[in-house]
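Here is a short tour of one model, taken a topic at a time. Keep the 3D view open as you read.

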Amino acid sequence: MDCFIDGHSVRPFCAAIGCLSRVGKEINIDFDPIDGLTLRSLNDSKSIFSSFHYEPSFFQRCSSPPLTSRKRRKSQDDDDDEEDRWSVRVSIKSLAPLIRPRKDVLSLQIATVGDLLSFEFQMQRASGVIVRIIHRVGFAPAQSVAAVASTESASEIVVQPQVLLTMLEPLKRATEIALLVNETHKLVSSVTFAHDDIAQDASSNLAKPNSLKTETSIGYDELIDLEYVSHPDASFDDDPIPPPADLKEQVVLVFTLKEFKSMLQFCSQAVDQSLPVSISFFWGGKPMVVKTNAEGFSGQLVMATLDHKLMASMKTSSTSGPAPDR
């Protein structure tokens, strides 16, 4: 692999590595000179998957490594179409220097050098001196990983990332949160989630003396767009996780905050103008898919959510009263 990235495109590439470092312990790198380069990561429990894909047009130059320098999985039935595909895995810890913010970057070249993967930055200091910084890491052959999560007939929120980051700021110390999309009150709310909210503990619903419950909310008018699907189609009739009884009123999605917030920060900071975020969801227990797109690259985060059957009925201060007049 030999890829050359111009200085203005280095930030979204390195920011993606930083985002993936919040998900798993390894990054899978898949490269094809026709399809481009994809970075992927999966957490240990296989409940969170994230990927970033860079089109060939994102790079000033991208080409395959010589066959003799590749570490690729050998198979007797390799097709000619797979000849140029290259898949390896790299430890997140070894890529830590790439995540560090850099100024005055002229370019980044990613290439295979023997059994190592080389990341060469060229930087111009204020004095005019051009400095080369080279990081080389080992890699191992890998099979490509992907998450299968259909978003057909799903509800969808489109929003600027900074809107959600502002809403989530008071919950920054939470490990898990509940995101409530309330169609009746036209609100999107976030609430700190704890084991007391599990249905089996509903009999002891009072908060513990040392516990803190924080909730925030925004109105639908703060979103770019929202399509709320309150009537699932017939394809869900035999689904092992059927829709909740109150689907027409609201959806409650419980998930870990760290990875979700990292994706929002990527969309907010990776380029000069923040990238809108699309969040597709069905109901608790079905995967939630977060996507963003820009010129030359795209990002995706797939997160498992807690089964709604395990939760007690959840209300916020803003949604516990009657619906406002429309």
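## An open sheet and its helices

In this predicted model, 4 strands form an open sheet in the order S14-S13-S12-S16, and their pairing is antiparallel. Strand S14 (215-219) and strand S16 (250-256) are the edge strands, each pairing on one side only. On average, neighbouring strands of this sheet are turned by 15° against each other, direction ignored.

Take a look at the pairing of strand S13 (residues 187-192) with S14: the two run antiparallel and are joined by 5 bridges. Valine 188, for instance, has isoleucine 218 in S14 as its bridge partner. Helix H3 (residues 161-168) packs on the sheet, where it touches strand S12 (176-182), S13 and S14, and its direction makes about 150° with that of S14. Helix H4 (residues 257-269) also packs on the sheet, touching S12 and S16, with its direction at about 95° to that of S16.

## Aromatic pairs

The count of aromatic pairs comes to 10. In one of them, the rings of phenylalanine 13 and tyrosine 54 have centres 5.3 Å apart and planes at 55°, so this pair is tilted. Phenylalanine 13 belongs to helix H1 (residues 7-20) and tyrosine 54 to strand S4 (residues 48-54), so the pair ties together parts that are 41 residues apart in sequence. Phenylalanine 13 counts as buried at 1% relative accessibility, and tyrosine 54 counts as buried at 0%.

Phenylalanine 58 and phenylalanine 59 make an edge-to-face pair, because their ring planes stand at 85°, with the centres 5.3 Å apart. Both of these residues, phenylalanine 58 and phenylalanine 59, are buried. One aromatic cluster is formed by Phe13, Phe52, Tyr54, Phe58, Phe59, Phe266 and Phe297.

## Salt bridges

There are 11 salt bridges in the structure. One of them brings together the side chains of aspartate 272 and arginine 11, at 2.6 Å from N to O. This pair links distant parts of the chain, 261 residues apart: aspartate 272 sits in the loop between H4 and strand S17 (277-281), and arginine 11 in helix H1. Aspartate 272 counts as exposed at 77% relative accessibility, whereas arginine 11, at 41%, counts as partly exposed.

Aspartate 30 and arginine 40 also meet in a salt bridge through their side chains (2.0 Å, N to O). Since aspartate 30 lies in strand S2 (residues 26-32) and arginine 40 in strand S3 (residues 36-42), the pair ties together parts 10 residues apart in sequence. Here both aspartate 30 and arginine 40 are buried.

Key. Residues are numbered from 1 along each chain as its sequence is written. This is a predicted model: local features need pLDDT of at least 70, side-chain atom pairs count only at pLDDT 80 or more; totals for chains, interfaces and linings use all residues. Side-chain values use heavy atoms; hydrogens and water are left out. Two strands pair if DSSP finds at least two bridges between them. Axes are lines fitted to C-alpha atoms, for helices over the stretch in contact, and angles run from 0 to 180 degrees between N-to-C directions. Contact means heavy atoms within 4.5 Å. Rings of Phe, Tyr and Trp (its six-membered ring) pair if their centres lie within 6.5 Å; planes under 30 degrees apart count as stacked, over 60 as edge-to-face and the rest as tilted. Buried means under 20% relative accessible area, exposed over 50%, partly exposed in between (1.4 Å probe, protein chains only). A salt bridge is a side-chain nitrogen of Lys or Arg within 4 Å of a carboxyl oxygen of Asp or Glu.
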